[in-house]
Amino acid sequence: MDLSAALQFVFSGITIGAFYAFVALGVSIVFSSSGIVNFAQGQFVMLGGMVAATLAANAHWPVPVAMLCGVVAAAAGGAVMARLFVLPMLRAGEFPLILVTLGLGVLIEALAVVFWGTDPQMLDSLLKIEPLRVMGATLSSDSITILCVLAIALIAFTQFLRRTRWGRAMRATAIDRDVAASLGINVRAVIVLSFTMAAAFGGLAGALLTPIISTGAQSGFQMTLKAITAAVLGGVASPIGAVAGGLLLGMIEAMSSGYVSSTYQNVIASVVLIVLLFLRPRGLFTALTRQA
Amino acid sequence: MNSYRKAGWLLPVVAIILPLFIGGLPSALNLAILVGIYFTVCIGLTLIFGIGGQLSLAPAAFYGLGAYTSALLSTRLGVPVLLGFVAAGVLCGVIGWLLARPLLRLRAVYLAIATLAFGDILNTLIRANSEITGGSSGIVNLPSPALGSFEFNTPLRYYFLVWAIALFALWIGNNIVKSRIGIGLRGLAESEIGAASCGIDVARYKAWMFTIGAILPGVAGGLLVHYLGFISPDSFTTQFSILIVMILAVGGRDSLLGALTGAILVTVLPIMLASYEKYSPVIFAVLFLGSVMFMPKGLAGAAMAAMSKWRRSRND
């Protein structure tokens, strides 16, 4: 077996996996605090990528500033979504809530198509680093960027959960919403915060991916499906599981694209998902992360 | 309930006499055919969705599976199209039944995702095996269905075929809603544990509703492609499943009347909004979101509530 080709597949798996991990982390944060699986999560990825690409290409803003604006726009979208659409529906039950997030996904996509059309947009790289070459395989500058940013964001997020007041409130809400509320935690504010953070992670992922794969206004639902797949792989209620699930999904896709056929990479990922749902509906890594 | 039964008789009568008024207008007839096809899909989904309270995003998969079954049988093997429709229904029913038990054990969100993944798999397989399915460009020149030497090759004839099938589906759907199974399903939607403790065989009832929710989109898919005369995988994407969810949410997801209301709305509204074509997806999305948030029983439910309120005020 060709070792450098195998390593190259690992590299591309890690890169796309890091992206999935970001988006899945958002799915998991929202699910933990509110019990909602957000079908609009992929739209924030699209929003982050599209805003950043538009500002950089049309307004000639520097790439880091454009990306930051993309993240802020996505986060604002998440906050508005939670405050105006999710909170009023909290008591309506699981089914209407899924429909609300689905409806918002459809609405955001429809607005994006009106605004941007359906053509994909490109974006310049955030950092131009010397690519890493190991045994004939190359880890590109964009890949290194996305991996570093993921690592920093993860450390910051765990510190936020451990050390800050809001982070602790979020963890308490995830364990039991009613008990958290009875202890004086403003659960509604926690839910808004979790949607905002999830959308920010999604937007950041979208902005970082656009230099690698161009983003189009209609790419959101595909992203949602990937993110939920990744989150389910790892266990949707666990942020660490979601990150692991994202990396695993990226790896499965890269390997099946490399060794089977790129046509079937989605099929293989979907089959893995369905089999997993049948066998372990709580996710692969739940037993591992339970103690953490 | 009484007015409901009357409405049940009204619909076949309207369906028969409607062509007297619109028979000369090809565009109106075309709309009526599409309404009939969407309605057939939605009858199947109302059982899963509104009455059983489960979110299945598989309609596109079964719609496509049925469409390709009858298209391939008729073009590759020369099977009569009407038999192809039957084969489409049977195949979708069998697959639906086989998938039902493992799938329906899943909670709402996981079911939605699993059915979405199922549709994704099917769509990719269709695109990838182009020597059989024609790949992304599909198959053109599909034959019209025929009964003996009578061909359903004009819009008017096709209209009657579509509505005969739609009304038959409605009759089945209506009987299921009123039968023990329908009552059992409603019980399921309220509380699965409660239903089970009342002696309802939860797994069997769910398998039933999922099977019927697979057969009807399958047949409707066949009806659509032989009407259009061509088939391509673009008609059977996730977007279609989401459209069906929107139809049911806007029309009213807990009654068959809601399915009809929604089906009419999604076919007629784009025509009315033709001059704002760019914005029509936005308007749809707003309508969908508004219905979910403010009219949980959809337009049909809101209309029924208004009607019974009016009747009560008249009786006072």
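This is a predicted model: local features need pLDDT of at least 70, side-chain atom pairs count only at pLDDT 80 or more; totals for chains, interfaces and linings use all residues.

Author: The biggest share comes from α6(A), which gives three residues. The members of this surface patch are R162(A), R163(A), R165(A), R168(A) and R171(A). Take R163(A), whose place is in helix α5 of chain A: this arginine counts as exposed because its relative accessibility is 61%, and the cut-off for exposed is over 50%.

Now to the paired charges. Side chains of opposite charge can pair when their charged atoms come close. Over all chains, the structure holds two salt bridges.

One of them joins the side chains of K226(A) and E253(A), at 2.7 Å from N to O. This pair links distant parts of the chain, with K226(A) in helix α9 (residues 220–234) of chain A and E253(A) in helix α10 (residues 239–259) of chain A, 27 residues apart. K226(A) is buried, at a relative accessible area of 11%, and E253(A) is buried too, at 3% relative accessibility; buried means under 20%.

In chain B, the side chains of D234(B) and R127(B) meet in a salt bridge at 3.1 Å, again N to O. Here too, distant parts of the chain are linked: D234(B) sits in the loop between α10 (202–228) and α11 (238–251) of chain B, and R127(B) lies in helix α5 (residues 108–128) of chain B, 107 residues apart. With 29% relative accessibility, R127(B) counts as partly exposed.

Note on methods: Residues are numbered from 1 along each chain as its sequence is written. Chains are lettered from A and ligands numbered from 1 in the order in which they are written. Side-chain values use heavy atoms; hydrogens and water are left out. Patches are made of residues with over 30% relative accessible area and no salt bridge: like charges are joined within 9 Å, nonpolar side chains (Val, Leu, Ile, Met, Phe, Trp, Tyr) within 5 Å. Accessible areas come from the Shrake-Rupley method with a 1.4 Å probe; for residues, only the protein chains shown count as cover. A salt bridge is a side-chain nitrogen of Lys or Arg within 4 Å of a carboxyl oxygen of Asp or Glu. Lys and Arg count as positive and Asp and Glu as negative; His and the chain ends are not counted. The place of a charge is taken as NZ of Lys, CZ of Arg, CG of Asp or CD of Glu. Helices (H or I, at least four residues) and strands (E, at least two) are DSSP runs, numbered from the N terminus. Buried means under 20% relative accessible area, exposed over 50%, partly exposed in between (1.4 Å probe, protein chains only).
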